[in-house]
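Please read it with the sequence and the coordinates open beside you.

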Amino acid sequence: MTDVIDMMEILNSSVMSGLIVMALIGALSYRLGFVDISGLISAFVVGFTVWYTGGVAAFCILLFFFISAGFATKFKYKAKMRKNVAQEAKGKRSWRNVFGSGIIPMFFSIGIFVSQRLAMAGLVSPSLPFWMFGGFVGSVATTSADTLASEIGVFSKRKPRLITNLRRKVPPGTIGAVSLLGEGVALFAGVAIGVIIFLFAVFAPGLVPVTSPDQLLLIFPLSILTAFIGCNLDSLIGAVLQNRYVCEICGAITDKEFHCGYETKYVGGFKRFSNAHVNLGSSGMGAVLGVVLGAGLFVWILGILFFWVLASSSN
């Protein structure tokens, strides 16, 4: 009986339970080929930090991104290879990919942890933990939507369009390309994350920093808008700043130095500004959007989005 009690005390420890959960998920993800060794170690750092500081709810949100991104990358991988749009290294994510997508959520998870304790001491506004949570959700929703849109959107039956000029059709896999299928998948990611948060807020309210009905009503607008806007911001950053090479065989604008079996030609962007930098930048912007939306200022975001789409369509 004493041994059972000791075991329960160990499992109730956030440190020990986090280590056990991360060990199991890490072993499974490596077995499935989601990450390489460097990605496994960095995912452990990010995941355990979020588990310990943000709690089970924040970890489950991050876990949704990790699992959905892994399966989406593996989805019809051979077909993606034939299209020259497959993730390198057989779809395994390295430490650059993991930290590019996970470091911003990790920092905001720490922000949740610190702000909750400062709020309990009366040193900051009681709303600050929810704003930090909004930043966390915004960054994860952005990276989830972008990854799913990129991996699934390449199978759109219609040619995608360039985000900087929505009238221009481009080949699948082009940097800055968007499609209706990709946009729909991005919205799905936002809805899925909203459902996860809502279930925790209703059935385990102590696990999320949602303390009022107004904050509860903001959950779905926050997750869906940050997913949709953040995903498109990622495409915009890529189209403007990312290193770009043109394939002289199929005409695709890509970040790969080889495409269709031949060397590509550098045409623009910053040579050292890779897709990992784009992911980091869009994740940060998604976090900022999440904080703004968490503060209840989503009307301004909708207005900016409307005028941006209108201006891009008129180019």
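Predicted model: local features only at pLDDT ≥ 70, side-chain atom pairs only at ≥ 80, totals over all residues.

1. Residues are numbered from 1 along each chain as its sequence is written, and side-chain values use heavy atoms, with hydrogens and water left out.

2. The protein has eleven helices and eight strands, these being DSSP runs numbered from the N terminus (helices: H or I, at least four residues; strands: E, at least two). Of its 315 residues, 48% count as buried, that is, under 20% relative accessible area, while exposed means over 50% and partly exposed lies in between (1.4 Å probe, protein chains only).

3. Among the contacts (heavy atoms within 4.5 Å) with a separation of 6 or more, 71% are between residues 24 or more positions apart.

4. S94 sits in the loop between α4 (77-83) and α5 (95-120), and it counts as buried because its relative accessibility is 16%. Leaving aside neighbours within four places in sequence, S94 is in contact with D36, S38 and G39.

5. R158, by contrast, lies in the loop between α6 (128-153) and β1 (161-162), and is exposed because its relative accessible area is 64%. R158 gathers with K159, R161 and K169 in a surface patch of positive charge; such patches are made of residues with over 30% relative accessible area and no salt bridge, like charges being joined within 9 Å. A salt bridge here is a side-chain nitrogen of Lys or Arg within 4 Å of a carboxyl oxygen of Asp or Glu.

Notes. Patch = residues over 30% accessible without salt bridge, like charges linked within 9 Å, V, L, I, M, F, W, Y side chains within 5 Å. Areas by Shrake-Rupley, 256 points an atom, 1.4 Å probe, with all protein chains shown as cover. Lys, Arg positive; Asp, Glu negative; His and termini not counted. Charge placed at Lys NZ, Arg CZ, Asp CG, Glu CD.
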